Amino acid sequence: MDIAPSILTADFTELGRVLDDAIEAGIKWIHLDVMDGNWVTNKTITFGPAVVRSIRDRVGEDVFIDCHLMITNAEETWMQYADAGADLIIAHIEAVRKPRKIIDEIKEAGKAVGFVLNPDTDENEIIPYLEDLDLVLVMSVVPGKGGQSFMPEVEGKVREFRSRIDSQVSNGGKRTMLMIDGGIKAHNAKIVSSWGVDVAVVGSGLINDKGSISENHKKILSSL
Ligand code: DX5
Ligand code: ZN
């Protein structure tokens, strides 16, 4: 299982150093949490395309960047994040009116596309699109902030996606990546890995817990 840092809980005046530390620790995937002050329940604003562009310029072309769009108008604005340097656009199925259309548009732009669902959203909202997705993201916290407690009740949903993706692949279909996001730390990374997760987003467990990003990253990887 790979680890993708979320920078949401970083000191934003130190973002360059945080990114440098993450790259130095061998991390190759950065998860950017975009919130528009409207869509998430606590109405938080994080950052927009200009920050994504600065992050792309800082980390260079070899690092994979995803944008987790927790915004009301992803269908109208996803291309701003693609143009700013995101490799993968992850949209909330709860906020998308025309799922098929946004999948086609993002692919036509040459970018990878993912759907994400909240802890209380049924997997059947995404399953009809699964074979066309590069990634599916299961939220294990309610979107809106880092440092929340992990919600183990999403296990059934993760395992359902895992088995559907495995049968999709055995029928020659796409190897859709399975990602989890929220409350992942050294004490529960092994559990979610056993559920079949390919990539775990880790924010506070890398950036805010005591120890350097490199130490925390090693601790999580050695727990698997
Ligand atoms: C929450 C974000 C998550 C969060 C993860 O809305 O989507 O990516 O920042 O942070 P931790 O790992 O601290 O839960
Ligand atoms: Zn996220």
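In what follows, Ala, Val, Leu, Ile, Met, Phe, Trp, Tyr, Cys and Pro count as nonpolar, Asp, Glu, Lys and Arg as charged, and the others, Gly among them, as polar. The model is predicted, with local features needing pLDDT of at least 70 and side-chain atom pairs pLDDT 80 or more, while totals for chains, interfaces and linings use all residues. Residues are numbered from 1 along each chain as its sequence is written, and side-chain values use heavy atoms, without hydrogens and water.

Two cavities of 30 Å³ or more are present. A cavity is a set of points, on a 1 Å grid over the protein atoms alone, where a 1.4 Å probe fits but cannot get out; lining residues have an atom within 4 Å of a point. Points are joined across faces, edges and corners, and the volume is the space filled by probe spheres set on them.

**First stop.** Select Val141, Lys145, Gly146, Asp181 and Gly182, which of 25 lining residues are the closest to the centre of the largest cavity. This cavity holds about 210 Å³. Next, colour strands S2 (29-35), S3 (64-70) and S8 (199-202) and helix H7 (204-207), the elements that each give two or more residues to its lining. Helices (H or I, at least four residues) and strands (E, at least two) are DSSP runs numbered from the N terminus. The lining comprises nine nonpolar, twelve polar and four charged residues.

**Second stop.** Select Pro5, Ile7, Val18, Leu19, Ala22, Ile30, Leu206, Ile207 and Ile213, which line the second largest cavity, of about 40 Å³. Helix H1 (15-24) makes the largest contribution to this lining, three residues. Which classes does the lining contain? It has nine nonpolar residues, no polar and no charged ones.

Key. Chains lettered and ligands numbered in written order. 1 Å grid on protein atoms, 1.4 Å probe; cavity = no way out; pocket = protein on both sides within 12 Å on 5 of 7 lines; lining within 4 Å.
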